[in-house]
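Here is a short briefing on one protein chain. Keep the sequence and the 3D view open while reading.

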Amino acid sequence: METGASGVLHKISSRSFLVPRVSSSYPLPIISVRPSRCNTSRPHVAPLTLFMRRRNSRIEGDRFRILSSRAQTQENNSCLCDSEAQQTSSPLNPVKIVSIYGEGSISPLQSTPWQDVLLHTAERLKWIDEDYEMLAFSDNFGETSETMASSLEKEIAHADILLVVAVTRQETVKWIKDLAQKVANVICFESSPELVNKLGGTFINTEIKGGSFGKLLDFPVSKEVKKNTEAVQTIKEAWERHNSDDIRFSLLVIINAYVRPVPVLKNLRAKGFSTLSCMVKNCGPQVLNCLLDPSCRKALQCLNKCSPVDQVCNYRCIASYESPHLEAFSLCVLQKHNCLQLDAKVPEKPYVPPMTMFRGSMLTHEIAEDLFVGWLGKLEWSWRVVAGQNPAYDQFPCQYQLFYRGKAKGSFWYEPVFQVKTLDDGIVWRRRRYRVKRGKNPGTFFFSVLDNGVVSNESWTIVDVADDLNWGLFHYHGAARAAGQSYTGGVLVSPDGRYPNESESPRLISALDKCGIKKWELFTVDNCSCSNPPLGIPEGSSLHSKIEVSEQNHISS
């Protein structure tokens, strides 16, 4: 990294991490009955919405289709999906992204400087592929030195994507406009309206309002621009969620569509008529029952209204309208017959080391299980979630964790209980049940669950727990194979759902760093109005075997 007072070029070294993703609770995939040779939609929406889609729907079939302008020359005879058809059998080239941010500009991510957000994004891109390189420059490079400006100019000349964030300085805007002509993909957020976005070499005329792409201007546009509209909308929606996962996802969409295929996105495509054929052949009764059941039908209709990248919207639909028919449908279509032909593996990176000592003694498997059991026995729950990193699932209100030993020898169970504010303005409690197995090292575990008909397998790590059980940090990564999803995340827990005392902050930040998580990425859980949660564990279950839990009062900030 080259350092300096300002106008700094930040370069992320080749460190290996991994893709954090969603949660085991998946939104079902959408497909279309309209034949298409290019289906590139993310799943996360319901397969059966194909029976209900309005004919005049603005977005038909593969609604996540993003076509590069380079694919248009053969549109009458062939179809290029994402950037696949742009590639040859030659080795993939590295992907270079150059970002320029306004000096001193503040992001909407808990008022974190854009500089910090972009540097962290660069690091997170390498969790996906070490060949993804992102550089970050402040917009006052010209005032720093001619050498810095020259260096930036050279980087832009070889960039696949130019990302401009919060740049309004007139001299910088003019300079960027001149150099951006050499870059095929240019995206600008919170910046001067003089800067024009470009995808696949085609200019996208937009009004830039607020934080992102605005609406298309009201004048005739070319066919290429129209075909890029979905890409613009997808990027816009993802960016405006204002979290680190979706900022990274915005960039992945562009890479996948206009630079080279991104395996994570390529794995999430529906298969058109082959999917429909599989569903009809193998799951006819489940399909019919779901359509005839009001709750299941509402779930599918609700999912059809969600953006494919809006995980919160998708899971709220599922959690709002859970039913046996919905579970049976997804169990048959996704889990048993894999009609979407998807696959996903539990990520191996980032490697997050477990804690090794507790209260001055080496951590053992028995003690690690006791740490999960936590406050259960003294309280009606093991832990309450204070905050989580996953933007879609770790922010549900009133999250309780129940860990306990089962009746069978060596059995261990985890049951999260959480609240959902439904789309019908109701409040419901939901509960899941995970089987837990010990990992190779104390403090590591394997979890498995059947969630709404799909099996998810996860690896959990106890990163740190205070000696007085004042707080704990657990990291997880997993996959819902039949839904084609892999993901990571972390949860901060305490006995009462409140942040630990400020004096614990250095240790907490150190634990978060081990997970590759910044404190500003955490979503604080709403732990108000949590009356009458459906707690309790099966009769005959047992709790701690090695440690004792003190009656002392919990002290939090």
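Why does S250 count as buried? Its relative accessibility is 0%, so S250 falls on the buried side of the under 20% cut-off. Note that this is a predicted model.

**Confidence**

- The chain averages a pLDDT of 79. A score of at least 70 is reached by 75% of the residues.
- Residues 1-90 have a pLDDT below 50. The model still gives this stretch 309 contacts beyond near neighbours in sequence.
- Residues 207-220 also stay under 50 in pLDDT. For them the model has 38 contacts beyond four places in sequence.

**Overall make-up**

- The protein chain holds 14 helices and 21 strands.
- Of its 557 residues, 58% are buried.
- Take the contacts in the chain with a separation of 6 or more: 67% of them join residues 24 or more positions apart.

**Helix α7 and the S250 site**

- S250 sits in helix α7, which spans residues 244-259.
- Leaving out residues up to four places away in sequence, S250 touches I235, A238 and W239.
- D245 and R248 form a salt bridge, with the closest N and O atoms 3.9 Å apart.
- These two residues are 3 apart in helix α7, so about one helical turn separates them.
- D245 is buried because its relative accessible area, 9%, is under 20%.

**Packing of α1 against α7**

- Two numbers describe a pair of packed helices: the angle between the axes and the distance between them.
- Helix α1 covers residues 114-128. Its angle to α7 is about 65°, and the two axes lie 10 Å apart.
- The α1 and α7 crossing is right-handed.
- From α1, the contact uses W114, V117, T121, R124, L125, W127 and I128. From α7, it uses S244, D245, I247, R248, L251 and L252.
- Sorted by class, this contact has 8 nonpolar, 2 polar and 3 charged residues.
- Both partners of the D245 and R248 salt bridge are listed in this contact.

**Salt bridges elsewhere in the chain**

- How many salt bridges does a search of the whole structure find? The count is 25.
- One of them pairs E133 with K96, where the closest N and O atoms are 3.9 Å apart.
- That pair links distant parts of the chain, 37 residues apart. E133 belongs to strand β3 (residues 132-138), and K96 to strand β2 (residues 95-101).
- E133 and K96 are both buried.
- Another salt bridge joins the side chains of R405 and E369, at 2.9 Å from N to O.
- This pair also links distant parts of the chain, 36 residues apart. R405 is in strand β13 (residues 400-405), while E369 is in helix α13 (residues 365-373).
- R405 and E369 are both buried.

Methods. Residues numbered from 1 in each chain as written. Predicted model: local features only at pLDDT ≥ 70, side-chain atom pairs only at ≥ 80, totals over all residues. Heavy atoms only, no water. pLDDT = per-residue confidence, 0-100. Contact = heavy atoms within 4.5 Å. Helix = DSSP H or I, 4+ residues; strand = E, 2+ residues; numbered from the N terminus. Buried < 20%, exposed > 50% of the residue type's maximum accessible area, 1.4 Å probe, protein only. Salt bridge = Lys/Arg side-chain N within 4 Å of Asp/Glu carboxyl O. Axes fitted to C-alpha atoms, helices over the stretch in contact; angles between N-to-C directions. Left-handed = near helix turned anticlockwise from the far one by under 90°. Nonpolar A, V, L, I, M, F, W, Y, C, P; charged D, E, K, R; others polar.
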